[in-house]
Each structure stands twice: as structure tokens, then as C-alpha cells.
Amino acid sequence: MRETLGTGFPGGDYSQIIYVADVKASGPPIDGGLLVDLDEADFLAVFPLKGKGRARLVGTVRGERADHAEKLRFEDVSERAIRNLKVKVEAENWFSTYHIHHRVAGRFRKGRAFLLGDAAHIHSPVGGQGMNTGIGDAINLAWKLKATLDGRAPDALLDTYELERIAFARRLVRTTDQAFNFVTAEGALADLIRLRIAPTAIAGAFLFGAVREFAFRTVSQIGLNYRGGPLSEGKAGRVRGGDRLPWVAENGDDNHATLAELRWQVHLYGAARPELADCCAKRGLTLKVFPWTLRQSQAGLGQNARYLIRPAGYVARADDPARPTGSSATSSPEVFRLESSAGQLRGTLGGRAGCSPVSLFFAAGTDVEPYRGLRRHR
Ligand SMILES: Cc1cc2nc3c(=O)[nH]c(=O)nc-3n(C[C@H](O)[C@H](O)[C@H](O)COP(=O)(O)OP(=O)(O)OC[C@H]3O[C@@H](n4cnc5c(N)ncnc54)[C@H](O)[C@@H]3O)c2cc1C
């Protein structure tokens with residue numbers, strides 16, 4: 001498919017072979033947390049699986065054995081887990097080997113064809129990010145496809161899929177490549193850093209809550225944002241257009257609950273002016289007003305701020321009524337000036353009628369004027 005589309009798939013290959021084995025076993029690493037053995041240049045990780053005594057071993061092999069990966073059997077690689085980690089393997093349920101690469105397609109869209117998931121980007125298993133990234137691609141593309149097919153958005157909206165996702169894919173492949181090279185580097189210096197310095201430094205760093213939170217947000221990908229993109233505007237509190245809506249659950253209310261509707265909506269944290277409620281009601285937009293709380297402030301939301309949220313939970317526009325009027329602040333008393341056309345949402349945000357790229361979401365397919373701000377980038 002990539003060849004047909006001519007997207008290319010630049011990047012490289014690793015010399016190591018990865019093996020995966022699902023086993024029934026006992027011993028200290030089984031039924032516990034994730035365990036990584038970095039004793040040698042090849043690494044071995046033990047992941048707990050559901051069910052007592054079940055685990056997945058993921059390891060690398062290189063050299064002569066990697067040259068004949070198709071002949072590799074579990075017996076050829078299991079001695080490391082048995083010797084180093086004292087794993088007692090009772091049954092081998094599944095064993096497989098695969099080559100790994102680090103590559104990102106040069107383009108994620110060509111005409112009516114889109115690349116996503118592993119077809120668009122592949123990387124080492126370090127960090128376990130592949131599935132999440134592919135699902136993120138699919139979520140990003142799905143609502144845009146629907147809006148375009150329904151005639152509510154122009155074709156240019158589909159270009160934003162590549163714009164928003166390819167930068168993240170490139171960064172992910174770069175960082176997982178660095179991490180993989182680090183855990184598999186050979187030589188005395190690499191051993192010293194990997195086995196002596198890094199474990200102490202990493203364990204020390206993880207004593208800090210901020211480091212743990214950063215790691216969590218990175219691995220879970222909830223820290224990913226589309227700031228600076230053509231569909232992102234404004235700032236209110238610490239939240240910018242393009243950020244994932246911060247999650248706040250308290251008093252039996254969960255501000256992500258309405259996101260399950262997968263449609264455009266407005267969230268307000270504080271007191272809503274009546275005209276905003278009227279405006280959203282007329283346009284069929286869900287308006288959710290949350291009484292202001294300390295926890296919202298801690299999550300970075302702004303008091304009385306209005307957030308226009310696109311399907312799938314990212315803020316399209318953050319609007320802070322306390323900010324002075326400017327290019328990214330709105331002077332309109334209606335705040336989000338939304339108009340409806342023939343049952344389709346159509347409108348502009350703030351006082352910049354027809355200029356806001358965000359307005360394309362609301363536009364009927366035949367009206368090209370509101371799309372001036374969003375041009376095809378290729
Ligand atoms: C051993 C292993 C462990 C992993 N562990 C993790 C992990 O812990 N966390 C994580 O996030 N990711 C993990 N990954 C990565 C994750 O599995 C992939 O990133 C993810 O499955 C990619 O999903 P995908 O839908 O893009 O591709 P795939 O899952 O590869 O799906 C593509 C599908 O298309 C089908 N197909 C291919 N060609 C054609 C054709 N011409 N016509 C019709 N159908 C076709 C294939 O048969 C396949 O079913 C792991 C991967 C491996 C191999």
C-alpha cells in the first residue's frame with residue numbers, strides 16, 4: 001500500500017531479533033510487577049499476565065542466533081530468564097520472534113487513502129506505545145472523516161490528520177529508538193551507565209511526584225497535544241487550544257462523561273452567562289456547566305473559562321473572559337458566536353468572523369468562505 005501510494009517509509013532496521021514467549025512459570029519475578037533485566041547488552045523484560053503464574057517474556061537476541069531467527073526456539077533463549085531471574089518455566093504457551101524497525105511513512109494521506117497505526121509508523125517495543133499510537137491515529141481521523149463525508153467540513157479538514165499525527169509519530173520513533181539503543185548498547189561504558197548510574201539516577205528521580213506524573217503522562221500519551229495546529233486556538237487557565245481536556249472527577253460528576261457523545265460541545269467551569277446557554281441550545285451544542293472548584297483549578301482549568309471541545313476530547317478553543325481583548329481573546333459578548341445553517345452547525349468563534357480556522361468545523365460543505373484560514377498544506 002505504501003509503495004502504491006509512494007509515501008516511502010524512511011528509517012532503519014535493528015540488528016537484534018525480538019522474541020516473545022507467553023509462559024506458565026513460577027519464581028520471584030512472576031505474579032509481580034514489570035521486571036526488566038539489563039544485565040547484558042540484550043535485554044529481557046517480564047510482564048505479568050492475567051491469571052496466576054502467567055507471564056510474558058520479551059527479550060532480544062543478536063549475533064549468530066539472530067541471523068537464523070526462523071530456527072530460534074524458546075529453549076535457545078530461555079536460559080537467561082532461568083539463570084538471571086530464577087524463573088521456573090512450567091509450560092511454554094506461545095513463542096514468536098520478529099524483526100524490528102524504526103520508520104515513519106513520509107505522508108499519512110494521499111488523496112482518499114490514509115495511513116495509520118503500524119502501517120504509518122513502527123518502532124521498537126520499548127515503552128509499549130504502538131497500540132496506543134495507532135488507536136490515537138484512528139480517533140483523530142474518524143471524526144474528521146465523518147464530518148467530511150456528512151458535508152459539514154471541507155476536504156482540508158482531512159489534511160489536519162497528518163499534520164497532527166505525523167509530528168507525534170516522528171517524535172515517538174526518535175525517542176523509542178534512543179531508549180532501545182540505550183538498553184541494548186554494548187561496551188564497558190554503556191554497561192557502567194546502564195547498570196550502575198542509570199538505575200540509581202532513575203530510582204532517585206522517581207521519588208519526585210512531578211517525575212512520576214511526567215512519566216505517566218508520557219507513557220499513557222495523555223500529555224500529547226495539538227497546540228499550534230490549525231485547529232487549536234486560545235488559552236484559559238493553563239489549558240491551551242490543542243490540549244487534551246484535563247480530567248476532573250468529583251462530587252459524582254465527571255467532566256469527561258459528556259465526551260462519550262463524540263460531538264462538539266462547550267464546557268464552562270464557573271458561572272455561565274444566559275446568552276451562552278441560549279446560543280449553544282439554538283445550535284444544538286451540548287453545554288456543560290461545572291460549578292467552580294479548587295480541583296478544577298489544580299487541573300489547570302480557568303475560572304469562568306469556556307472551552308470549545310472537539311469530538312474525542314481535545315480543546316479546539318480555550319476562551320478566558322478575564323483576558324484582555326486581543327487576537328486570541330474574544331470580545332464578542334456571545335463568546336462563541338455560532339450560527340446554524342440548514343441544520344448543520346456553522347459559525348465562527350470570537351469576533352473574527354470568517355477568519356478562524358476552527359470555524360471550519362461548523363461550516364456547511366458548500367460555503368467556502370469560512371475556510372479561508374485553513375489551506376491545504378501540500
Ligand atoms: C509481540 C508484540 C508485543 C506488543 N506489545 C505492545 C504493547 O504492550 N503495547 C502497545 O501499545 N503495543 C504493543 N505492540 C504493538 C501493537 O501490537 C501494534 O502497534 C498494533 O497491533 C498495531 O495495530 P494496527 O492495527 O496498526 O496493525 P495490526 O495489528 O498489524 O493489524 C493489521 C491487520 O491488517 C491485516 N492485513 C495486512 N495486510 C492486509 C491486506 N492486504 N488485506 C487485508 N488485511 C490485511 C493484518 O492481518 C492485521 O490483522 C506489540 C507488538 C508485538 C508484535
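Trainee: How many residues sit between β3 and β4 in their hairpin?
Mentor: There are five residues between β3 and β4, and in that turn Gly 51 has a positive phi of about 105 degrees. Strands here are DSSP runs of E with at least two residues, helices are runs of H or I with at least four, and both are numbered from the N terminus. Keep in mind that this is a predicted model, in which local features need pLDDT of at least 70 and side-chain atom pairs count only at pLDDT 80 or more, while totals for chains, interfaces and linings use all residues. Residues are numbered from 1 along each chain as its sequence is written.

Trainee: Do β3 and β4 pair in the parallel or the antiparallel sense?
Mentor: Strand β3 (residues 44-48) pairs with β4 in the antiparallel sense over five bridges, where pairing requires that DSSP finds at least two bridges between the strands. As one example, Ala 45 has Val 58 as its bridge partner in β4.

Trainee: And which strand is joined to β4 by eight bridges?
Mentor: That is β1 (residues 11-26), which runs antiparallel to β4 (residues 54-61), and Asp 22 has Arg 56 in β4 as its bridge partner.

Trainee: What is the order of strands in that open sheet?
Mentor: The six strands come in the order β2-β3-β4-β1-β5-β8, with antiparallel pairing. Its edge strands are β2 (35-37) and β8, each of which pairs on one side only. The helix α6 packs on this sheet and touches β1, β4, β5 and β8, and its direction makes about 125 degrees with that of β5. Here the axes are lines fitted to C-alpha atoms, for helices over the stretch in contact, and angles run from 0 to 180 degrees between N-to-C directions; contact means that the C-beta atoms of two residues, placed from the backbone, lie within 7 Å.

Trainee: Changing topic, what span should helix α5 have?
Mentor: Helix α5 (residues 130-149) has 20 residues and should span 28 Å at 1.5 Å a residue, and because its end C-alpha atoms are 28 Å apart, the two agree. The expected span is 1.5 Å times one less than the number of residues.

Trainee: Which residues of α5 are buried?
Mentor: Thr 133, Gly 136, Asp 137, Asn 140, Leu 141, Lys 144 and Ala 147 are buried. A residue is buried if 20 or more other C-beta atoms lie within 10 Å of its own, exposed if 12 or fewer, and partly exposed in between, with C-beta atoms placed from the backbone. The cover over the buried residues of α5 includes β7 (113-114), β8 (121-122) and α6 (156-184).

Trainee: Which element gives the most to the shell around the ligand?
Mentor: Helix α5 does, with four residues. The residues surrounding the ligand include Val 20, Tyr 98, Asp 118, Ala 119 and Met 131, and a residue counts as near the ligand if its C-beta atom, placed from the backbone, lies within 6 Å of it.

Trainee: Why does Ala 119 count as partly exposed?
Mentor: Ala 119 counts as partly exposed because it has 16 C-beta neighbours inside 10 Å. This residue is found in the loop between β7 and β8, and although Ala 119 and Phe 9 are 110 residues apart in sequence, their C-alpha atoms are 9.2 Å apart in space.

Trainee: How many helices and strands does the chain come to?
Mentor: The chain comes to 10 helices and 18 strands, and buried residues make up 34% of its 378 residues.
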